[in-house]
Amino acid sequence: MSGLYHDIILDHYKNPRNVGELSDATVFAKDENTSCGDEVEIYLEVSNKKQVKMMKWKGRGCAISTAAASMLSEKVIEIGDTEKIVNITDHDMSEMLGGDISSARIKCATLALVALKKALSRS
Amino acid sequence: MIDVEGIRKDFPILKRKIHGKPLVYLDNAATTQKPRQVIDALVDFYERHNANVHRGSHTLTDEATTMYEDARKTVANFVGASDPKEIVFVRNTTEAINLVAYSWGRTHIGKGDEILISELEHHSNIVPWQMLAKEKGATVKYLRVDSEGKLDSTTLRDQLTNKTKLVALSNVSNFLGTINPIEKIAEVVKKQRKVNGLYPLLLVDGAQAVPHMSVDIASLGCDFYAFSGHKMYGPMGVGGLWVRRDILESMSPFLTGGGMILKVTMEGSSFADLPDRFDAGTPDVADAVGLAAAVKYLGRIGMEKVRKHELELTEYALKKLKVIDHKLKVKIFGPERAEERGGLVAFTVYLNGQEVHGHDVAQILDSEGVEVRSGHHCTMPMHIKLGLAATTRASFGVYNTKDDVDRFIDALAKVEHVFR
């Protein structure tokens with residue numbers, strides 16, 4: 001099947017990266033899409049210099065929300081700088097997932113990002 | 001035997017392609033497609049008869065008013081209401097229930113009173129009662145249903161108290177498909193009324209019943225009955241609320257303003273008789289006329305035949321879903337026996353023992369042109385009780401065929417292919 005469920009998404013869905021909790025998390029946030037039951041928990045370890053040292057996440061959801069959380073976690077660890085991370089947009093999420101996200105699935109694609117920003121606003 | 005091929009020709013949208021595949025529309029519980037006859041009735045109204053209704057002094061007003069009241073008669077007749085004045089045109093079932101909560105509930109529900117519904121209800125038959133109860137210091141009680149969505153009539157009897165003012169239940173569940181035995185329920189409610197006096201009253205959410213089976217309100221024994229036009233091949237802006245005549249006579253208005261008054265002075269206003277009292281402002285005449293056309297369309301087919309057709313499709317779908325037993329497994333919710341359910345099937349899908357999320361199932365089906373719905377179907381309490389985040393639901397209508405079911409099953413097999 002072309003389009004949405006391409007290899008990269010399926011790989012992240014079946015082998016999601018950075019799944020778990022952080023016992024010494026600096027910040028934590030949780031969010032859910034009540035309309036479908038997708039939920040995600042974000043754990044961040046943020047240094048004094050506002051650098052994300054580690055991100056872990058847990059969740060239950062569709063292939064898109066799972067792949068999105070997994071891809072986002074890699075991106076966040078790669079970028080590090082929280083000032084840059086807060087500027088990740090919904091559009092960026094859509095691009096990360098291959099650009100084929102319809103308005104029906106955008107909430108799946110951005111759930112992890114919403115929770116992440118919630119977490120960052122608390123740090 | 002309905003003439004499905006003939007019926008299909010009446011629905012222009014069935015010619016559409018979705019992602020290059022012919023449309024298989026299995027989301028009829030959400031809304032139904034419209035036959036040419038309904039579309040033409042709308043166009044005809046706007047092209048040749050459009051005017052505001054009531055108290056006009058010109059030909060077009062006369063025509064529009066006649067068409068509006070004829071539509072009311074047609075709809076009343078279809079649902080077995082003896083008097084057209086007992087039919088209030090509303091936007092949809094949700095508005096109908098809100099109207100009862102507002103116009104009847106606010107003046108009849110008080111502190112300590114009880115409203116008895118079920119845990120299987122659609123949100124439109126839950127939230128208005130929660131709001132009313134909160135405002136009045138009353139309580140909403142939830143009847144338990146079994147795994148097939150069936151109400152225990154002993155449970156109903158046990159839960160009725162001298163504080164129960166209203167029982168509100170669905171005729172057919174939009175999630176589990178369970179058909180409630182309304183006549184039997186009404187008998188239990190009436191027995192309680194003999195003890196209590198005037199209460200409890202019985203409200204029925206008929207949104208998933210009227211389009212799919214014969215409904216004869218006169219023989220049901222309920223006091224309020226609500227349904228949606230758009231779910232019965234009619235336009236989206238109209239629905240019906242039937243209220244027992246004596247109750248409706250005594251109800252205060254819902255929306256107020258023009259059209260529903262007798263007299264307005266700076267000192268105050270008086271309200272019109274039925275049916276005008278519940279028709280504030282310019283009514284959606286066009287859609288009422290469209291609904292009448294839909295009712296006539298269904299009448300020509302015959303509701304017994306409609307039910308028989310959808311039952312066959314449901315039986316076929318249940319049979320085919322059950323034999324999917326490979327790496328892909330399907331868990332079906334609601335009554336085991338097709339004749340105990342309306343024409344819909346909600347289910348979850350598992351691949352190698354792990355659930356495939358409803359969204360993904362629905363999206364993959366959509367890629368094959370098969371339109372279903374996934375989510376909580378406005379029945380969150382029941383989904384929470386069953387421990388479900390989301391389910392996928394296929395629901396049938398007059399134009400669906402066995403071929404549609406085959407396409408649906410084939411598309412499901414694709415889920416295995418995608419997530420292998």
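Predicted model: local features only at pLDDT ≥ 70, side-chain atom pairs only at ≥ 80, totals over all residues.
What volume does the second largest cavity have? About 40 Å³.

**Stop 1**

Start in chain B. Select Asn28(B), Ala29(B), Val172(B), Gln208(B), His212(B), Gly342(B), Gly343(B), Leu344(B), Ser395(B) and Phe396(B), and you have the lining of the second largest cavity on screen.

**Stop 2: the largest cavity**

The search gives two cavities of 30 Å³ or more, so let us go to the other one. The largest cavity has a volume of about 60 Å³. Move to chain A and select Glu39(A), Val40(A), Trp57(A), Gly59(A), Arg60(A), Gly61(A), Ser65(A), Thr66(A), Ala69(A), Leu111(A) and Ala112(A), which line the largest cavity.

Now switch to a cartoon view. Strand E2 (38-46), strand E3, helix H2 (63-79) and helix H5 (106-121) of chain A each give at least two residues to this lining. By class, the lining of the largest cavity holds five nonpolar, four polar and two charged residues.

**Stop 3: the second largest pocket**

The volume of the second largest pocket is about 510 Å³.

E3(A) provides the largest share of the pocket lining, with four residues. Colour by class again, and the lining of the second largest pocket shows nine nonpolar, seven polar and four charged residues.

**Stop 4: where the chains touch**

Next, show both chains and look at their contact. It takes 17 residues from chain B and 18 residues from chain A. Together the two chains bury about 1400 Å² between them, with 57% of it on carbon and sulfur atoms. On the chain B side, select His359(B), Gln363(B) and Phe419(B): they lose the most area to chain A, together 35% of what that side buries.

How many salt bridges does the rule find across this interface? There is one. To see it, display the side chains of Arg105(A) and Asp360(B), which meet at 2.9 Å, N to O. Polar contacts also link the chains, with a count of nine residue pairs.

Now highlight helix H12 (358-367) and helix H14 (402-418) of chain B, each of which supplies at least two residues of the side that touches chain A. H12(B) gives the most to that side, with five residues. The class count for the side of chain B touching chain A is six nonpolar, seven polar and four charged residues.

**Stop 5: a link within chain B**

Finally, zoom out. The whole structure has 31 salt bridges over all chains. For one of them, select Lys21(B) and Glu368(B), whose side chains meet at 3.3 Å, N to O. Trace the chain from one to the other: Lys21(B) is in strand E2 (residues 21-22) of chain B, while Glu368(B) is in the loop between H12 and strand E16 (370-371), 347 residues apart.

Note on methods:
Residues numbered from 1 in each chain as written. Chains lettered and ligands numbered in written order. Heavy atoms only, no water. 1 Å grid on protein atoms, 1.4 Å probe; cavity = no way out; pocket = protein on both sides within 12 Å on 5 of 7 lines; lining within 4 Å. Points joined across faces, edges and corners; volume = space filled by probe spheres on them. Nonpolar A, V, L, I, M, F, W, Y, C, P; charged D, E, K, R; others polar. Contact = heavy atoms within 4.5 Å. Buried area = accessible area lost by both parts, 1.4 Å probe. Salt bridge = Lys/Arg side-chain N within 4 Å of Asp/Glu carboxyl O. Polar contact = N/O pair within 3.5 Å; in protein donor to acceptor, adjacent residues only side chain to side chain.
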